[in-house]
Each structure stands twice: as C-alpha cells, then as structure tokens.
Amino acid sequence: MKNNGLILGIESSCDETAAAVVRAGGEALSNVVASQIVLHQDYGGVVPELAAREHLRNVVPVVRAAMEQSGVRFSDLDAVAVTEGPGLAGALQVGILYAKALAFGLGKPLIAVNHLEGHIHAVVMEARQRGDSAMELPLLALVVSGGHTHLYLASESGQTTWQYRNVGRTVDDAAGEAYDKVAKLLGLGYPGGPWLDGLAPFGDPKAVPFQFHAIQRREDDRRDADAGARFDFSFSGIKSAVLRYVKSEGMQEAAVARANAIAAHPGLKPADAASFCDPKALGLIASFQSAVVGVLMKQTFAAAEAFGARGVLVSGGVAANRELRRRFLAEGARRGLPVAFPSMALSTDNAAMIAAAAWPKFLAGEFASEGMSAAPQLRLG
Ligand code: KG4
Ligand code: ZN
C-alpha cells in the first residue's frame, strides 16, 4: 500500500476539541482547536458533562475544518489517531467513538495515543519541522498541565518508538491546577495560568516566602523495589499557604471587587489587570509563581542529573509560562544541557501532538484493537 505518511489526529480528553493532519510526524498541515474555555469559565473549572456534550457538538465540524485546511482527502490518509487517555471518561469517549467509526468507514488503521506522550511529541514534531537534529536520548521530560505534573525518562525502544519511565509526579494537585485555584482565589479569570503569568512581572517575587518540603515517599512506592530515585512534587501546601495569606491579610474583599472589575471588562488582557491589583496581591502572585517555577526546576534538573539525561523537554499548558521558560533555559545553559519547549500554540492541548505521537506507532505497526475504549487513568511508563 502506498504510504503518504498522513495521519489525522483527534483529541477530546478535556476541554478542547481538536483535529489535525500531520505528515510523517513532522509537518502539521492543519491544526484546529475548538476551545470550551468560555463554556466552563463561569464554573471556574471544567464540568465533565458539559465538556462531553460540547465535544459531541464540535467533533464533526472540527475534523472537517482540519481536513479542509490540510488540503488532504480522507482517502489519502494512512491512519486515524485518537487520544485514549488520560482524561475525562465521557469526553475521551466522544473522540474515540468518532475516530473508530471514521477509521472503520475508511478502511484505515486506528492508532491509540496516550495524551501525555502527545505533549512530549509536540516538541519532537516542531524540532523535526525546524529541521533540527534529532533530540538525543535519554531525555528528561516534564509534562506540566492542569491535570498532570509528571517527570519521565524517555529512552529508545525498538527502531522508531520510545519508552518512558515515570521518575516523578505530583502526589496531590497538578501545577496548573494550583495556578487555576490561586487565580480564582484572587478574583482573576479562568484558566488562571495566563493571568498569573501576565501579572507576576508587576510584583516582588520575594514578598512572600513560600517553601516546599521534601515529599514523603508513599507506602506503595517504598515497596516498589524498582522505584529507584524519585522526584515527586506536591502543590497542595502552597495552595493552602496562599489561602492562609489571603485570609490573614484580609484580601478577600479586594478579590471580589477585582472579579467584578474584570467581568466588567470583557477581553481584558491579563497584564492590563495590573491596575486592579494592589502591591500586596501582585507580590503574592509573583512569589507564588517564583516558588512554583523554582520547585519544577529543582526536581527536573535533579532528575536529569541523576539519570544522565542528555536534554530536558518541557511540555503541557504550564510550559507556556514565560518565567518558567526563561529560568529553565538559563539553568540549561548553565549546565550545558539543551532545553526544548513547544511553541505557545502547541503547549496547550491540540491534536497535532496526537498525530505526531502516532507516527512512530504507525511505522512500528502498533494499531488499536477493536475493543479499545477510553482509559481515563491511563499511565505513561
Ligand atoms: O495542557 P493543558 O491545555 O490541559 C491539560 O491537559 O490540563 O493545560 C492547561 C493548564 C491550566 O491549568 C492553565 O492554567 C495552565 O495550563 N496554563 C498556564 C499558562 N497557560 C496555561 N500556567 C502557567 N502559565 C501560563 N502561561
Ligand atoms: Zn494536556
């Protein structure tokens, strides 16, 4: 069979319905994302039932738009790839059922992709697109988003595919989740990451001294003889510390006023909200961000050193953070270790990363079985 290297990717694990056509894991011919942010904004977080219903409404037009923009005919596709998990069960199921039906109807193979591996391959795809030399393995990958804060050691397995070993994870909240909760507490918009990112430069990062303590290993980790060195995270402590600070400094009323002021200015850019923030709030924001980026950096580079990684890769929604990018790059340069990020557009959820991650699986003939279904708790490594 003639192989065009064309894969249609579909992603519906959380609050973005996305479709993209990617050639040979390295060239995105289209990348369409329908965000549900506006829908969930009023709730300050993703509502699973609403998300599934919205995916149902969006999946057909989004796939159609991705096909049209790519200029590729359905019959020229080599495979259909879809996110298997982790994510919201109902949301995942919409993408999977649609992808299955499409693959079946076209007589093309279906490829199941782990969302976390997708985030990693967003970076690999863009490196290929730029014509950079292949990233040297082993790589230490930090996947940091609203649902995940995971460290993986990626190494080669087989000719085309990679294998992953989880060497760190959050034991409670994800870093993005902490951003979202702190932003909400301060009366800022949803999702919180871009707001705190935009406002942090206006505050003093030393205003509030936050500390992270070493993570106690859990029983099940201790029993795991293979566990080796671990580089876990915990973000619930800093979230509680922010809450305590807000209460003890009497900042609640100002937060309510700020939320109202922001609601009265639709389309306001995060940095422009600085005029609604007093120095105390700005100091808290800057200190929170500085502490979170600091602990992400500390654990990532410690793990890279412990496992002899030849490079660091950061992906997921929080990888869009400007302070994180600046400090990771500076630390990488200091250590002589290459650090790679996806472009801003491919940091948050998209389907180009799913189609890109499917490419090595296509080459290896790793296709999904007919019984494949949503795996909300799917792990990587
Ligand atoms: O990868 P993503 O789109 O979806 C998940 O898989 O979770 O990540 C969304 C998360 C949200 O928590 C959001 O607040 C955070 O990424 N985020 C950021 C920034 N942009 C998005 N966090 C910090 N700084 C940003 N600039
Ligand atoms: Zn994601």
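At 59% relative accessibility, Gly131 counts as exposed, where exposed means over 50% relative accessible area, buried under 20% and partly exposed in between (1.4 Å probe, protein chains only). Gly131 is found in the loop between helix 4 (115–130) and strand 6; helices (H or I, at least four residues) and strands (E, at least two) are DSSP runs, numbered from the N terminus. From Gly131 to Glu305 it is 174 residues in sequence and 27 Å in space, C-alpha to C-alpha.

A word on bookkeeping. This is a predicted model, in which local features need pLDDT of at least 70 and side-chain atom pairs count only at pLDDT 80 or more, while totals for chains, interfaces and linings use all residues. Residues are numbered from 1 along each chain as its sequence is written, chains are lettered from A and ligands numbered from 1 in the order in which they are written, and side-chain values use heavy atoms, with hydrogens and water left out.

Five strands make up an open sheet in the order 3-2-1-4-5, with mixed pairing; two strands pair if DSSP finds at least two bridges between them. Strand 3 (27–35) and strand 5 (110–114) sit at the edges with a single partner strand each, so one side of each has no neighbour in the sheet. On average, neighbouring strands here are turned by 20° against each other, direction ignored. (Axes are lines fitted to C-alpha atoms, for helices over the stretch in contact, and angles run from 0 to 180 degrees between N-to-C directions.)

Strand 1 (residues 6–11) pairs with strand 2 (residues 16–23) in the antiparallel sense over six bridges, and Ile7 stands opposite Val22 in strand 2. Strand 2 and strand 3 are also paired in the antiparallel sense, over eight bridges, with Val21 opposite Ser30 in strand 3. These two strands, 2 and 3, form a hairpin with three residues between them. Most residues other than glycine have a negative phi, and most peptide bonds are trans. At 31% relative accessibility, Ala24 counts as partly exposed.

The loop between strand 1 and strand 2 holds Ser12, which counts as buried at 3% relative accessibility. Its contacts (heavy atoms within 4.5 Å) are His55, Thr83, Ala91, Leu92, Val94 and Gly95, not counting residues up to four places away in sequence.

Helix 13 (residues 352–363) lies across strand 1, strand 2, strand 3, strand 4 (79–85) and strand 5, running at about 130° to strand 1. Helix 2 (residues 48–70) packs on the sheet too, touching strand 1, strand 2 and strand 3, and its direction makes about 25° with that of strand 2. The buried residues of helix 2 include Leu50, His55, Asn58, Val62 and Met67, and the buried set packs against strand 1, strand 2, strand 3, helix 1 (37–41) and helix 3 (89–106).

Helix 2 is not straight: it bends by about 45° at Asn58, and a proline, Pro61, follows within four residues. The bend at a residue is the angle between axes fitted to the seven residues ending there and the seven starting there. Its 23 residues should span 33 Å at 1.5 Å a residue, and the end C-alpha atoms are 31 Å apart, which agrees; the expected span is 1.5 Å times one less than the number of residues. Gly71, with a positive phi near 75°, follows helix 2.

Then there are the cores. A nonpolar core is a set of buried Ala, Val, Leu, Ile, Met, Phe, Trp, Tyr and Cys residues joined through side-chain atoms within 4.5 Å. The largest has 58 residues, among which Phe288 and Phe328 touch the most other members. Elements supplying at least two residues each include strand 7 (149–156), helix 5 (175–185), helix 8 (236–248) and helix 11 (322–335), while helix 10 gives the largest share, 14 residues. Phe288 touches Ala178, Tyr179, Val182, Leu196, Phe210, Ile238 and Val242, leaving aside residues up to four places away in sequence. A second, separate core of 27 residues includes Ala34, Val62, Met67 and Met372.

Finally, the cis peptides. The bond from Leu137 to Pro138 is cis, with omega near -5°, and the bond from Tyr190 to Pro191 is cis with omega near -5°. Pro138 is found in the loop between helix 4 and strand 6, Pro191 in the loop between helix 5 and helix 6.
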